[in-house]
Amino acid sequence: MKRIVIGGGASGLMCSAISAKNNVETILIEKNVRVGKKLSQTGNGKCNLANLEMSLDCFNQSNLVQKLMQLYPTEKVLDILRQDFGIHTFGDNFSRVYPISENANSVVDCFRIACQKYGVKTIFDTVLSIEKVQKGFKVHCQNDVYFCDDVVLATGLFAQAKEKRTFFEQYQTALHPSLTPLMVKNPDKSLDGLRQKCFVTLLKEGKPIYKEKGEVLFRQYGLSGVCIFNCSAYVARSKVKGENAKFEVVLDLLPTIEQKEVQSIVESRGTWEKENWFLGILSNKLALHVAKQSKDVQKAFQKAKRLSFEVVDTLGFDVAQCTSGGFDEKYIDENFALPNGVKVCGEIINVDGLCGGNNLWFAFASGHLVATK
Ligand SMILES: Cc1cc2nc3c(=O)[nH]c(=O)nc-3n(C[C@H](O)[C@H](O)[C@H](O)COP(=O)(O)OP(=O)(O)OC[C@H]3O[C@@H](n4cnc5c(N)ncnc54)[C@H](O)[C@@H]3O)c2cc1C
């Protein structure tokens, strides 16, 4: 059997190498001049490739993910990475898994070398369309045409992609940038660049739907930081469903100070000048931001415990780490094939996970499953 895998990213590299290892004649077609470009940028260059405490809550609703989690628990994916690719890993204090090299380029090298070793033929060309023919598929590229019995689409989607080409849109949901900073209504531009440890709550139509403790980075357009990226996933998923929901991010700027303690601080500072209300508690700029919106010290501390921002939208695909939306699971069978027989893996499927290694786990697991079906 001859298989063409389109896209040399995390999922396509996994799928190609394992197909070839299993004696399937495999051609990998990649439009960039090298494979694994996005993979080499993951995890701030360190490649957070899985999570030891993966849970369904980290993903948009998906039966596919549930099935895949049973077939590919994290330990199994890590065994595959070690045994078939020579990628040895460790887990950090937050259960995030990294290669022991802590270097994403070295992960790409391991995949590239394994593809060579197992006999994958890599062609650098852009696929323009896929045509179903009597015996298999005809893959039309910019420079050539290829025939195969089996074709796998692993082209990812729009997150940080220069060119936005899609295939078989009839099987796709709407798409929205996810794992991005958030634009908020009336941002205070004077706070740009300021970092603050917070307890973050995301409200949808007034109801809390997500909470995380972490560092928030204030930007001219709104808010950034890993916990804000995670909030953006919920906003993006809601947009993909076509909802017009109102989202609000609420920051507790004093996460280490209990309400009781706040009260005693307020009482001791009742007569202080406004500019000193948060002396030794918040940075000057943030203290000023909160104080100027408050009539008295009591209100100011209430605001610091509940500083609210109305979300306008997620930021664009240019800065997104993943795409919310993609091939709808209702069109994907147990072999990860669409109704036209084209198989799919990775980000191109409507599965998106929160930060922490979930998206790469999905890319690796789905790529492996397609290779072995
Ligand atoms: C900056 C950044 C950091 C990230 N960090 C992490 C992290 O630490 N942990 C984590 O789990 N996830 C992370 N992600 C998400 C993760 O990288 C993606 O989920 C994952 O790479 C998706 O893999 P994929 O193979 O489906 O798609 P991609 O990696 O996007 O690969 C698709 C490949 O297909 C090629 N291609 C596209 N169209 C064509 C065509 N027409 N013809 C030929 N080739 C084509 C592309 O050039 C590309 O090489 C990060 C993403 C970004 C952008």
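**The ligand shell, the domains and the helix packing**

In this predicted model, the residues of the shell around the ligand divide by class into 11 nonpolar, 19 polar and six charged. The shell holds 36 residues, and the closest to the ligand are Gly-7, Gly-9, Gly-43, Gly-156 and Gly-346. The elements that give two or more residues to this shell are helix H1 (10-21), strand S2 (25-30) and helix H9 (358-372). Of these, H9 supplies the largest share, which amounts to four residues.

The domain assignment gives domain 1, made up of 2-176 + 325-372, and domain 2, which covers 181-314. Taken over C-alpha atoms, the centres of domain 1 and domain 2 are separated by 37 Å. Where the two domains touch, eight residues of domain 1 are in contact with 10 residues of domain 2, and the side contributed by domain 1 consists of three nonpolar, four polar and one charged residues.

How do the axes of H1 and H4 cross? Helix H4 spans residues 104-118, and its axis and that of H1 come within 8 Å of each other, crossing at roughly 25°. Because angles under 35 degrees count as roughly parallel, H1 and H4 are therefore described as roughly parallel to each other, and their crossing is left-handed. On the H1 side the contact involves Leu-13, Ser-16, Ala-17, Ala-20 and Lys-21, which meet Phe-111, Ala-114, Cys-115 and Tyr-118 in H4. Sorted by class, this contact of H1 with H4 has seven nonpolar, one polar and one charged residues.

Helix H9 has a packing partner in helix H3 (residues 74-85), and here the two axes come within 11 Å and cross at roughly 75°. An angle from 65 to 115 degrees counts as roughly perpendicular, and H3 and H9 are therefore roughly perpendicular to each other. Thr-74, Val-77 and Ile-80 of H3 make this contact with Trp-361, Phe-364, Ala-365 and His-368 of H9. The contact of H3 with H9 comprises five nonpolar and two polar residues, with no charged residues.

A further helix pair is formed by H6 (residues 259-269) and H8 (residues 297-305), which pack at an angle of about 145° with their axes 9 Å apart. The crossing of H6 and H8 is right-handed. H6 brings Val-262, Ile-265, Val-266 and Arg-269 to the contact, while H8 brings Val-297, Gln-298, Phe-301 and Lys-305. By class, the residues of the contact between H6 and H8 divide into five nonpolar, one polar and two charged.

Notes:
Residues are numbered from 1 along each chain as its sequence is written. This is a predicted model: local features need pLDDT of at least 70, side-chain atom pairs count only at pLDDT 80 or more; totals for chains, interfaces and linings use all residues. A residue is near a molecule or strand if its C-beta atom, placed from the backbone, lies within 6 Å of it. Ala, Val, Leu, Ile, Met, Phe, Trp, Tyr, Cys and Pro count as nonpolar, Asp, Glu, Lys and Arg as charged, and the others, Gly among them, as polar. Axes are lines fitted to C-alpha atoms, for helices over the stretch in contact, and angles run from 0 to 180 degrees between N-to-C directions. Angles under 35 degrees count as roughly parallel, over 145 as roughly antiparallel, 65 to 115 as roughly perpendicular and the rest as oblique. A crossing is left-handed if the near helix is turned anticlockwise from the far one by less than a right angle, and right-handed if clockwise. Two residues are in contact if their C-beta atoms, placed from the backbone, lie within 7 Å. Domain bounds come from an automatic or database domain assignment.
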